[in-house]
Amino acid sequence: MTRRRGDAARISASPRLPVTGSPRHPISPSLLSERYIFFGGKGGVGKTTAASATALFLLNKIKRNESLLLFSTDPAHSLSDSLDVKIGNRLVEVKPRLFAYEMDASLALERFRAAHGKVLAEIAERGTLLDEEDINELLSLSLPGLDEVMSLFELSELDRQGQYAHIVVDTAPSGHTSRLLRLPEVFDRMVKALDLMGDKHRYIVAHFARRKPIADEVDLFLRDLSQRIESVRALLHDKEQTRFVLVTIPEAMSIRETERYLELLRGQGVPVRDLIVNRVEEEHDDCEYCHGRVQTQRPWIKQIAKSFGDLNRHEVPLMAREVHGVDDLKKIGKLIWDPKRS
């Protein structure tokens, strides 16, 4: 969405011409009806800018008594830079009715371990022959992507009251998110395994105490964890409430990774509806550099149309300067979702 600094003065005043064959879609009605809008793609393609711009665009569409949450699971956390407002690992009202949160997934994971470590150890002790040292070592292990799924656990907690009309999520780069998508299933199997460990304890209580086991702290924990896993599944897979937006740029590496990412998302049942093609060069009078860039990008624009032809495609031109702050982001939001009025 930004052009290299050396070209800005030369072309900033030049008229923009439409890119041949560039499909521009008006705002989809379903964008307003879907609560969860995830933005994903390769690192450095403009996900955060697209997510922030979309949040500001939606803010002007929702009712006056409604609010919106912009949530980041990306370890880089660029929301603060994009909006020009310090956010961090806390809920901040960046402007009236727009709240933002840059989740520190590592801290969330540590809080989870601190809060539930004793219960997990109790489950392991009931169902295995491990000693205390073995159990502590087991609980200190971390699955790849576990911190990302903890971010979604936190998001589901924030949304438990359903107070936000829309939740826009700036996700981690595609490699991180691909692991995240598989983790709810892994967690589900893990909860079932933990539950089986508890079966031995329940059997002993029922057999020797001759009474029906009463739900204790372990059972309540497993029940709550199952509910949180189902909430995360709903966040990612609900075709009625969720939209996943891919972001790419017209370059070989980004397109190839986006193709693989789309295949993964669809294989996991995630509803992908849109593709934002960022930093599309346009022709400008007397700008040889611009013309050269247009020619370089043209075959990749065609490849995008071929590979992602069934997605709503939104092209964002390369900007003459860095996109920064609310005013710039509002313009980008209109370019993406309502180009006829831009």
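Buried means under 20% relative accessible area, exposed means over 50%, and partly exposed lies in between (1.4 Å probe, protein chains only).

1. **Basis.** This is a predicted model: local features need pLDDT of at least 70, side-chain atom pairs count only at pLDDT 80 or more, and totals for chains, interfaces and linings use all residues. Residues are numbered from 1 along each chain as its sequence is written, and side-chain values use heavy atoms, with hydrogens and water left out.

2. **The disulfide.** A disulfide is a pair of cysteine sulfur atoms within 2.5 Å. A search of the whole structure finds one. Cysteine 287 is joined to cysteine 290, with an S to S distance of 2.2 Å. The link of cysteine 287 and cysteine 290 is right-handed, with 70 degrees about the S-S bond. Are these cysteines buried or exposed? Both cysteine 287 and cysteine 290 are buried.

3. **Helix H9.** Helices (H or I, at least four residues) and strands (E, at least two) are DSSP runs, numbered from the N terminus. Helix H9 covers residues 217–237, which is 21 residues. From first C-alpha to last, H9 reaches 30 Å. That is close to the expected 30 Å at 1.5 Å a residue, where the expected span is 1.5 Å times one less than the number of residues. Its buried residues include Val218, Phe221, Leu222 and Leu225. Asp219 and Arg228 are also among the buried residues of H9.

4. **Nonpolar cores.** A nonpolar core is a set of buried Ala, Val, Leu, Ile, Met, Phe, Trp, Tyr and Cys residues joined through side-chain atoms within 4.5 Å. The largest core has 45 residues. Phe38, Leu155, Phe244, Leu246 and Leu265 touch the most other members. Which helix gives the largest share of this core? H9 does, with eight residues. A second, separate core has 36 residues, including Leu31, Ala50, Leu98 and Trp337.

5. **Leucine 155.** Contact means heavy atoms within 4.5 Å. Leave aside the neighbours within four places in sequence: leucine 155 is then in contact with Leu69, Phe71, Ile167, Val169 and Leu235. Leu235 is one of the buried residues of H9.

6. A salt bridge is a side-chain nitrogen of Lys or Arg within 4 Å of a carboxyl oxygen of Asp or Glu. The count is eleven. In one, aspartate 274 meets arginine 243, at 2.2 Å from N to O. Aspartate 274 lies in strand E7 (residues 272–280) and arginine 243 in strand E6 (residues 242–248), so the pair ties together parts 31 residues apart in sequence. Aspartate 274 is buried, at 0% relative accessibility. Arginine 243 is buried too, with a relative accessible area of 0%. Glu34, Arg243, Arg273 and Asp274 are linked in a network of salt bridges.

7. Glutamate 259 forms a salt bridge with arginine 256, and the closest N and O atoms are 3.5 Å apart. Both sit in helix H10 (residues 252–267), three residues apart, so about one helical turn separates them. Glutamate 259 is partly exposed at 22%. Arginine 256 is partly exposed at 35%.

8. **A bridge from loop to helix.** Aspartate 310 pairs with arginine 266 in a salt bridge, with 2.9 Å between the closest N and O atoms. Aspartate 310 lies in the loop between helix H11 (288–307) and strand E8 (312–317), and arginine 266 in helix H10, so the pair ties together parts 44 residues apart in sequence. Aspartate 310 is exposed at 54% relative accessibility. Arginine 266 is partly exposed at 39%.
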